[in-house]
Amino acid sequence: MRIAVVGVGHVGLVTAACMADLGHEVVGMDDDAAKIASLRVGSVPFYEPGLPELLRAGVDAGLVRFTDETADAVPGAQVVFICVGTPRREDGSPNLSYVQAAAASVATHATGPVVVAEKSTVPVRTGERIRQALRLEAQARGDDLGHEVVSNPEFLKEGTAVADTLRPDRVVVGADSAGAHAAMRALYEPLLERHPCPYVATDVRTAELIKHASNAFLATKISFINAVARICELAGADVHTVADAMGHDARIGRAFLNAGLGYGGSCFPKDVEAFVHIAAELGYDFGLLRETDRINREAKQWPLGQLRRLLWNVADKQIAVLGVAFKPGTDDVRDAPALDVIDAVIADGARVRLHDPVALDGVRDRYPDAVFCDKAEDALRDAHAVVVCTEWDEYRAIAPQRLAELLVYPVVVDARAVWDHDALVAAGLTVATVGRPTDAAAQS
Ligand code: UGA
């Protein structure tokens, strides 16, 4: 099939590459001309394992090309994926003006009926607004080609985006006509042949809600275990064993029960707020999600509290921060919990020594006075304490004895539980591990 992808950020680019891998003919469009120019020479503007190779294969097979003109991308396309950004407004609602503009430009440039597929995460009932934008534009140009709107949410995670897209747990398609459902089914048939998985065909509103409900539920799981972590610290229990044991219950599952620094990234924080907002607009107070968000903000303050407890005055100390990416496997620092930690530590008057294997470039401008370190050991050397903010594997490999040698004061705040708490204590370090008893609780 012939496909256009409008907006080639993380979701759009992965969608383009994967659709080409399935044998479809794809044009990726973005009005950021510099991004398109670099994509044309094969450069992917962010870190996503496997994506550059997949895109190159698509380009070499003549199935993928890029343009910065909607007029070049849309004519002839049977399905247009809208993958533009939906940035957060001050009040927590998503700004949908890019979605509206993308929809209108599809109607302006289409030469035949198009299935317009929402992939950007949008509040329930956005499909109706897209339909309205298409209709207004059709009226303006004097011919209604009969475009359809579908919701086809993605569930890809950064770092495993290609595998998540080509081998998904499920495909969700919301459409309000048999024709649109048939087109989307044809689009996904090659994927389902390769990787049989549940295919949920529903209406547009339900599909939109599935996406928000899924992300909000996962975020709530994380906040739940972070709340339990606080109780474990106070009670003298171990949240990681609690999570493992809970996870053995198939009804609960172990995934997304890692207590830590809370969730970040471009999705969960924004989507939780947006879901609360749309629920309120519809007349429902989603108090559970407001609490999920509150616990998450609290989780990000945990390291500063521990530094104050263990160092007394944080001012004038050097604090090593290991990891700035919002999770391992990505160079994305959008809404990264590490930023809250670094901001708080700097506000307390400390100097930070930062390390991340791939994400440091994303924070250089934000922290002009920080020491940027190419190696984790350089960040640790001369620091009075270390805070682990991202659970990169390479940090797990640092031996407790080596930490004790490098740090000026032997203070470790392990907000992602990368190290064995007992081994650190045995090596003579003063340790706060998320979800493990504080000294006072351990001794009582
Ligand atoms: C998330 C969802 O997992 C995807 O299914 C969804 O498609 C995507 O948002 C989206 O809406 O586009 P992503 O933001 O890439 O994917 O990252 P996750 O792996 O979900 O992690 C989100 C945050 O939760 C990270 O900061 C991570 O460190 C944190 N997390 C995750 C925990 O603190 N504990 C856990 O147990 C799991």
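Mentor: The side chain of His-10 makes a polar contact with the side chain of Glu-48, at 2.6 Å. A polar contact is a pair of N or O atoms within 3.5 Å; within protein, one must be able to donate a hydrogen and the other to accept it, and residues adjacent in sequence count only if both atoms are side-chain atoms. This is a predicted model, in which local features need pLDDT of at least 70 and side-chain atom pairs count only at pLDDT 80 or more, while totals for chains, interfaces and linings use all residues. Residues are numbered from 1 along each chain as its sequence is written, and side-chain values use heavy atoms, with hydrogens and water left out.

Leaving aside residues up to four places away in sequence, His-10 touches Phe-46, Tyr-47, Glu-48 and Glu-158, where contact means heavy atoms within 4.5 Å. His-10 counts as buried because its relative accessibility is 12%; buried means under 20% relative accessible area, exposed over 50%, and partly exposed in between, with a 1.4 Å probe and protein chains only. His-10 lies in helix α1, residues 10-21.

As for the whole, the protein chain has 18 helices and 14 strands; helices (H or I, at least four residues) and strands (E, at least two) are DSSP runs, numbered from the N terminus. Of its 444 residues, 54% count as buried. Among contacts between residues at least 6 apart in sequence, 73% join residues at least 24 apart. The C-alpha atoms fill a box of roughly 75 × 45 × 40 Å, taken along the principal axes.
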